[in-house]
Amino acid sequence: MDSELVFFDKTSKTRELLAKMMFFNRGKQSREEQFLLKVFCLSTEAGSDYREQLRNSFFALDEERLWQLSLECKVTAVFAHRLSDLFGWENIPPRWKEFHDQMAGLANLYCEEIDLIARELSIYGIKVIALKNDSIALAFHLCRGCCPMSDIDILIEHANQQQADTVLKKLGYKHTWDSSTISDMVGANPYHKIAPSGRFIFLDVHWEAIGVRWMKGDLGELTSKMVERSLPIPGTTARILSPEDNLFQVVLHNAKHAYRLKPGFMRNLDVHRIIENQEINWTVFLNLIRTHKINTGAYFSLLAPAILFGTRVPAEVLGAIAPPSWKKPLCQFVRSAWFLNSNKNKPRSFIFRIVRMVMYDDIKIVIRNSIISVWRKRRRWRVFFLLRSKIVDLFSKRTRSLATFPIVFHGSGSYKKFFEGSGYGVIFEDDSQEGYVYLTKEDGSKILDGLKLYYHGDAEKISEGDLLEILWHPELKKVGVRYHGKIQAIFDIANRKSYCRTGFPLPNASWCKFKNHLWDDSALSGFEAIN
Ligand SMILES: [Zn+2]
């Protein structure tokens, strides 16, 4: 198919910009929001007048607001690099460069780790395929700082999962707890480890190439074909999906998360980067879309980057998969849900339902999957818990103050305490060598931060029969871990800061706002009644 037909006429800058604004937000945007959008989407072909105009507007902005906004949108690293293109690193506050370089360090570490895993598994003839932004960071020659990674996503065929598990454990990986329900839902096994440098590494080993259930066709069979079609990446043992499969995967990933209230800048950028850096056979791609009946989802996933970045999606491709007329009114809604806070006041589940209705091409799949998902998830009654805790609060002051949960240590293993309705929990783990405590999501599905309590052979180590106390301050949102009469570790959730006596490991960059875990007695405030 002819790829000369570009969706947007790049010569008409004003019209293009107007379309971006219309598509993504019809409400009022602050000056900082507008600036962020313009600079993030700045094309290399943009004229010098336009750049000059952007430069001039920067100095009238509130830099702190811009910083916070970029963090919220999860675009700080890429945005920082774009700012440096406009002004030079030396002319913008140093935190932008620090953040960008920290992301580059993390992406390099993750890329080396993917290569290590691929090499170790290749000994057993197992192919490791880097997915999504991992494949982009590994295979395309882009600035690593502009490829922020919060975890590693790799694909390994289902039949090889067990062998892979053994090898991964030898490489120091641990299974993330309570992962059985999650792995069923997304077709992946979550692992984590802490590198000798103290950096957290989160790893998701997928056995299904596509983590969505709203498409037609056998996912297992599709995955096998995709593994077969995968290609080597020069300079590493890890592989990449074929260009069409990779685009298919990223487009579906983009559509899957479209209902989230978080803006999808980076997901749209992934789609853009794949189209710009690989030769796509659009006929092959369209066949994939049609076979699996995901026309509408793919349409929006391609339309958004075409508008944002001027991605070269042939007009015939968009025309071929455009939604039918009965969906048009709902499409307006999807457009506004796709981006920048425009549906802030509507409940997430409501948006999710509408977006899902529009995305599915086959109504039978909608019904079947709704039943399956209700059956699987056994709906968590978050609203109920929230309401209940609010009512309890009204009648009792007691629950707002410090609560202590005692646990008797009875040997190696993991010990969990989840704080109902708060969204958080902690897991203490003694792996017979070392002791760690992790701050997790309330269901234990995701590690937010982790602290080392003791090393093997440490005299302060907790022993069998010792009392371990988890302290929870619901008002301050603070967790303390206490044993041997002393608070050993603290997670200050409200300030996103953690403290421990060992100062190890390094903070998890995607959660923690500070650069280290070093102990500070001031962290004890709020726990005076205990310590
Ligand atoms: Zn960069």
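Two strands pair if DSSP finds at least two bridges between them, and helices (H or I, at least four residues) and strands (E, at least two) are themselves DSSP runs, numbered from the N terminus. In the hairpin of β4 and β5, five residues stand between the strands, and Gly198 takes a positive phi near 100 degrees. This is a predicted model, in which local features need pLDDT of at least 70 and side-chain atom pairs count only at pLDDT 80 or more, while totals for chains, interfaces and linings use all residues. Residues are numbered from 1 along each chain as its sequence is written.

**The chain as a whole**

- The secondary structure of the chain comes to 19 helices and 16 strands.
- Of the 531 residues in the chain, 36% are buried, where buried means that 20 or more other C-beta atoms lie within 10 Å of the residue's own, exposed means 12 or fewer, and partly exposed means in between, with C-beta atoms placed from the backbone.
- Among the contacts with a separation of 6 or more, 61% come from residues 24 or more positions apart, a contact being two residues whose C-beta atoms, placed from the backbone, lie within 7 Å.

**Strand β5 and its partners**

- Strand β5 covers residues 200-206, and six of its seven residues are buried, so that the strand is mostly covered.
- Strand β4 (residues 188-194) runs antiparallel to β5 and is joined to it by seven bridges; Ala188 has His206 as its bridge partner in β5.
- Strand β2 (residues 152-155) runs parallel to β5 and is joined to it by four bridges; Ile152 has Leu203 as its bridge partner in β5.

**The nonpolar cores**

- A nonpolar core is a set of buried Ala, Val, Leu, Ile, Met, Phe, Trp, Tyr and Cys residues joined through C-beta atoms within 7 Å, and the largest one here has 86 residues, with Leu36, Phe40, Ile114, Ile154 and Val251 having the most contacts inside it.
- Helix α6 (residues 94-122) gives the largest share of this core, namely eleven residues.
- Because domain 1 (13-96) and domain 2 (111-241) both give residues to this core, it lies between them; the domain bounds come from an automatic or database domain assignment.
- Leu36 touches Leu66, Leu69, Ser70, Cys73 and Phe79, when residues up to four places away in sequence are not counted.
- A second, separate core has 25 residues, including Phe428, Ile447, Leu451 and Tyr483.

**Glu469 in strand β13**

- Glu469 is found in strand β13, which covers residues 467-473, and it counts as partly exposed because it has 16 C-beta neighbours inside 10 Å.
- The C-alpha atoms of Glu469 and Val481 are separated by 5.9 Å, although these residues are twelve residues apart along the chain.
- Leaving out residues up to four places away in sequence, Glu469 touches Thr404, Phe405, Pro406, Arg482 and Tyr483.

**Backbone details**

- Lys293, in the loop between α13 (282-291) and α14 (295-309), has a positive phi of about 50 degrees although it is not a glycine, and it counts as partly exposed because it has 16 C-beta neighbours inside 10 Å.
- Lys477, in the loop between β13 and β14 (478-483), is also not a glycine and has a positive phi of about 55 degrees; with 18 C-beta neighbours inside 10 Å, it counts as partly exposed.
- Phe504 and Pro505 are joined by a cis peptide bond with omega of about -10 degrees, and Pro505 is found in the segment after β16 (497-500).
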